[in-house]
Amino acid sequence: MTPEPSTRHLRAALLYAQLGFFVFPAHEPIFDEAGKCVGCTCEAYKRSEAYHQVLIAQRRERDFDPNFVCPQPGKCPKVRWREASTIDENQIRQWWQWWPTANIGIDTGKSRMLAFDQDSYKECYEGAGVDLDTETVTSLTGGGGAHLWYRMPAGAEYGNGKGDLPAGIDIRGVGGYVIAPPSRHKSGRRYEFEIGFDPLSIELAPLPPALIAILDGAQHKQATHKTVFTTTTTAQPDLSRWCLSDKVCALIDAPPVRGERSEADARVCTALAYAGATDDDILAVFQHHAIGTHGKYSERGDDYLSRTIARARTFVAEH
């Protein structure tokens, strides 16, 4: 691969920060001599004894995989991005002094933006009928899709839930991030802005009414299924009281794989909701089984679980 100037990513990260976008460094895809992606820079650490010891200290030894393969090369953060993402010049300079070619992540929530991830290259894409104002900052991904950047409405806290958006479309808002130009995609191509639609040439457009309606509708549905915990301390639950499949029981008893934890939590909550478990019952499962004690719940707490249960009950009500 052709070497690049060592300051290219630093200059871009500093520019984003000057424009009010909170940034953080992300790992990079690794390529062989033929230009084929063969891994991610995160893998060496995830396979190391140092990481193994970290997991042992966290009582998550079963998460260690000496043959770990990154599921999304070039998209995983190098730092605890939720806390660390920043517009501070000194911190940004330090990061890219350590990792000159690190990909650039932008924390969409802190940056008060919502990114519309339009993966039109996917076979499942059904978003052609969504009415959008495309006169906004537009980043072309190396995989053939596009990220449309919109300004988050004042007072809004739209997250990453896509509501009734068509297949092939995702959003990133509060609690999410996007990889920004000139980062390297696993395809070997770079993220780049569409000509004339970079943040120096055009301002972020307001969030389109069509998207606001969909996202407000999703929030309303979730609000109709408010999660209620009546206790903070639960007893060990007996899983046999519910009719759960072997696959769901296996998910409950095994530490979830990073990158798949949210999906595993959603599957377990949905299965328990179908089985008639109360909100307190589901809380007990997560407080006493590996799905929670070694999973995302152990990091994010009751509020995260409450929202996951609400989405699960919404799904059950609709199906």
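**A helix and its surroundings**

Guide: The buried residues of α1 pack against β1, α5, β4, β7 (146-151), β9 and β10 (192-193). Bear in mind that this is a predicted model. The buried positions in α1 are His 9, Leu 10, Ala 12, Ala 13, Leu 14, Tyr 16 and Ala 17. After the helix comes Gly 20, with a positive phi near 95°.

Now take Tyr 16. Leaving aside residues up to four places away in sequence, Tyr 16 touches Phe 21, Val 23, Ile 104, Ile 106, Trp 149, Ala 180, Pro 181, Phe 193 and Pro 199.

The largest nonpolar core has 27 residues. Tyr 16 is among the members that touch the most others, along with Ile 92, Trp 96, Ile 106 and Trp 149. At least two residues of this core come from each of α1 (8-18), β1 (22-26), α5 (89-98), β4 (103-107), β5 (113-118) and β9 (177-180). The top contributor is α1, with six residues.

For contrast, consider a helix pair. Helix α7 (residues 246-253) packs on helix α8 (residues 261-275). Their angle is about 125°, and the axes are 10 Å apart. On the α7 side, the contact uses Val 248, Leu 251 and Ile 252. On the α8 side, Ala 264, Arg 267, Val 268 and Ala 271 meet them. By class, this contact has six nonpolar residues, no polar ones and one charged one.

One more helix deserves a stop. His 52 sits in helix α3 (residues 49-57). Its relative accessible area is 15%, and the cut-off for buried is under 20%, so His 52 counts as buried. Setting aside residues up to four places away in sequence, His 52 touches Glu 61 and Phe 64.

Back to the starting point. The helix α1 gives six residues to the largest nonpolar core, and Tyr 16 is one of the members of that core with the most contacts to other members.

Technical notes
Residues are numbered from 1 along each chain as its sequence is written. This is a predicted model: local features need pLDDT of at least 70, side-chain atom pairs count only at pLDDT 80 or more; totals for chains, interfaces and linings use all residues. Side-chain values use heavy atoms; hydrogens and water are left out. A nonpolar core is a set of buried Ala, Val, Leu, Ile, Met, Phe, Trp, Tyr and Cys residues joined through side-chain atoms within 4.5 Å. Buried means under 20% relative accessible area, exposed over 50%, partly exposed in between (1.4 Å probe, protein chains only). Helices (H or I, at least four residues) and strands (E, at least two) are DSSP runs, numbered from the N terminus. Contact means heavy atoms within 4.5 Å. Axes are lines fitted to C-alpha atoms, for helices over the stretch in contact, and angles run from 0 to 180 degrees between N-to-C directions. Ala, Val, Leu, Ile, Met, Phe, Trp, Tyr, Cys and Pro count as nonpolar, Asp, Glu, Lys and Arg as charged, and the others, Gly among them, as polar.
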